[in-house]
Amino acid sequence: MKITDAYVIVCSPGRNFVTLKIVTDEGIYGIGDATLNGREKTVVSYLEDYLIPALIGKDPARIEDIWQYIYRGAYWRRGPVGMTALAAVDMALWDIKGKVAGLPLYQLLGGRSRDRIMTYTHANGSDLASTLEAVGEAIDQGYQAVRVQSGIPGMASTYGVAKDGKKYEPADAALPSEAVWSTEKYLNFVPHLFSEVRRQYGEEIHLLHDVHHRLTPIEAARLGKELEPYHLFWMEDAVPAENQQGFELIRQHTTTPLAVGEVFNSIHDCKELILNQSIDYIRSTLVHAGGITQMRRIADLAALYHIRTGFHGATDLSPVCMGAALHFDYWVPNFGIQEHMPHSELMESVFSFDYQFDRGFFTPGEAPGHGVDIDEKLAAKYPYQRAALPVNRLEDGTLWHW
Ligand code: CS2
Ligand code: MG
């Protein structure tokens, strides 16, 4: 079998998605998610100008060799753009392999390790009352795990809180919108937020929170300690993780479980965190961390240190990534949880998929490959619209982590 064609489909059914399609001489094709929120066109170029020409004529069955060819052959290795492009190729090749074998992807990985895949969804509100209401709605929908993000008293806006009653969508303007942040106001409010959630909804529901890279290690240590009475499932992205050592300081002060990694794109980004057991969940997912081929390595390394997976699953990861991720979640022995920010009907209209959702849990489906496809004609009706992620400043104007 040979790769005879490959091309990129960019569409914006409510938000931008980038999809790679790889076609073989036997008519079988595979698709991969190549969406990098706010930087989509860079991945399109990386694929169209550099990877696709070199793929033509290759044997699609040689997934590992192609992975090494793209990773080692790049010379300029790693980074979100190149690794997202590599991930899309990898996802598409595993999709082809499943179709050739007539098997769902999870069977190729080793079969299922569980009956169903637990997910968490987002509950957010502009203030405490509306946030508490949103948590209740998520529980009513059957979720057993809910991520809680709230507006902060004294701040005009904050991460993770939808505006004007719409679903939360971070890439909200053609050029970066500017947000203002106060660590003090945030730290003074969040423990109260979780105290109120526990008071209203009890101890059973798993609660998660995304700090979104905004604290220093000692501030994160303080927050982790103050959240201990509310036993969170995890506190995510407590500090920017370029400094992996920073997590050791947090670890010394708190038993609140730590999750990190959605912005990682290589096993080297998390190796120290894993070997030092500084985290409890690794968030890296297929579309930004080099696909199934690298994520298997990361998950297996993490398993040696009692660390579980917690795949990123925001709406800016397409249904293609969600489909492939669920097969991985079904197999991976050290599964933790899967994020589920539901795509809108419009977003889903362009894709077909075999995964099923039922009151907080997924199963990946039995279709060969990852079970997701794209309607190219319909996708063409929704052309790309530039959308940038916001930037964040402290109240004194200092550019801060968004
Ligand atoms: C967030 C994401 O879902 C999460 O955990 O960190 O919403 C993140 O902000 C976006 O994926 C960025 O594109
Ligand atoms: Mg996050």
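This is a predicted model, and its largest nonpolar core holds 118 residues, of which Ile 22, Leu 47, Val 89, Leu 286 and Phe 328 touch the most other members. The largest share of this core, eleven residues, is supplied by helix 3, which covers residues 80-101. Apart from this core lies another one of ten residues, including Met 118, Ala 145, Leu 208 and Ile 337. In soluble globular proteins, nonpolar side chains tend to be buried together.

We can now turn to helix 6, which runs through residues 183-201 and reaches 27 Å from its first C-alpha to its last, close to the 27 Å expected. Among the buried residues of helix 6 are Phe 189 and Pro 191 themselves, together with Glu 196 and Arg 198. The buried residues of this helix pack against several elements, including helix 5, strand 7 and helix 7. Just after helix 6, Gly 202 takes a positive phi of about 80°.

Helix 7 has its own buried residues, namely Ala 220, Ala 221, Leu 223, Gly 224 and Leu 227. Seen down the axis of helix 7, these residues fall within an arc of 165°, so they line one face of the helix. What covers them includes helix 6, strand 8 and helix 8.

Key. Residues are numbered from 1 along each chain as its sequence is written. Chains are lettered from A and ligands numbered from 1 in the order in which they are written. This is a predicted model: local features need pLDDT of at least 70, side-chain atom pairs count only at pLDDT 80 or more; totals for chains, interfaces and linings use all residues. Side-chain values use heavy atoms; hydrogens and water are left out. Helices (H or I, at least four residues) and strands (E, at least two) are DSSP runs, numbered from the N terminus. The expected span of a helix is 1.5 Å times one less than its number of residues. Buried means under 20% relative accessible area, exposed over 50%, partly exposed in between (1.4 Å probe, protein chains only). Contact means heavy atoms within 4.5 Å. A nonpolar core is a set of buried Ala, Val, Leu, Ile, Met, Phe, Trp, Tyr and Cys residues joined through side-chain atoms within 4.5 Å. The arc is that of the directions from the helix axis to the C-beta atoms.
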